[in-house]
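Good morning, and thank you for coming. Please look at the structure on the screen while I speak about its aromatic rings.

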Amino acid sequence: MAERGREMKIREFLAAPPFRRRNIGNDEVEIFSVALTHDSYANEERSRSNRTESYERLEFLGDAVMELIVCEYIYSNTEMNEGAMTDFKNRVVCNRNISSRTIEAGVDIDGALLVGEGHRKKRTGENIIEDNMRADAFEAVLGAVYIMYGMDEAKRIVAEMFLK
């Protein structure tokens, strides 16, 4: 994807709910570009001698941020015992739930995610995104949100999408 087109796609992605970010700077475009790059694409680019980072490190951080937000919410807003708290948290943070909630919320991760050839339809070039890929990319975006805008913004997004 051409660099200018990629930048526009990321700006459109971030302008939509639940992010609602406008007038973002180049540093924001850069980190969200990484958050929306699957390792299959990064690996193909590396084989062409292009340095491209995938979302894996941001996903690691975003996963921890999401778990902390959900755990804090459960602890502060329920009287559940530890076992029930764990079950609730696991239902919220599982890949299938994250994936389905992003679809329900209209978060266009599928269209924004850069993937390798093996994850694209041969005839149309359209992305083929599995639940785990969509969930991992969302967690990476959440990690980028945390880095760029802080915990309060990450909490707002998680609450809006998962804790209503």
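Rings of Phe, Tyr and Trp (its six-membered ring) pair if their centres lie within 6.5 Å; planes under 30 degrees apart count as stacked, over 60 as edge-to-face and the rest as tilted. A search of the whole structure finds 3 such aromatic pairs.

One of them is Phe32 with Tyr149, a stacked pair with 6.2 Å from centre to centre and 20 degrees between the planes. This pair links distant parts of the chain, 117 residues apart: Phe32 belongs to helix α2 (residues 26–35) and Tyr149 to helix α8 (residues 131–149). Helices here are DSSP runs of H or I with at least four residues, numbered from the N terminus.

The model is predicted; local features need pLDDT of at least 70, side-chain atom pairs count only at pLDDT 80 or more, and totals for chains, interfaces and linings use all residues. Residues are numbered from 1 along each chain as its sequence is written, and side-chain values use heavy atoms, with hydrogens and water left out.

Is Phe32 buried or exposed? Phe32 counts as buried because its relative accessibility is 0%, whereas Tyr149, at 22%, counts as partly exposed. Buried means under 20% relative accessible area, exposed over 50%, and partly exposed in between (1.4 Å probe, protein chains only).

Next, the ring centres of Phe138 and Phe162 are 5.5 Å apart and their planes stand at 65 degrees, so this pair is edge-to-face. Phe138 in helix α8 and Phe162 in helix α9 (residues 151–162) are 24 residues apart. Both Phe138 and Phe162 are buried.

Technical notes: Helices (H or I, at least four residues) and strands (E, at least two) are DSSP runs, numbered from the N terminus.
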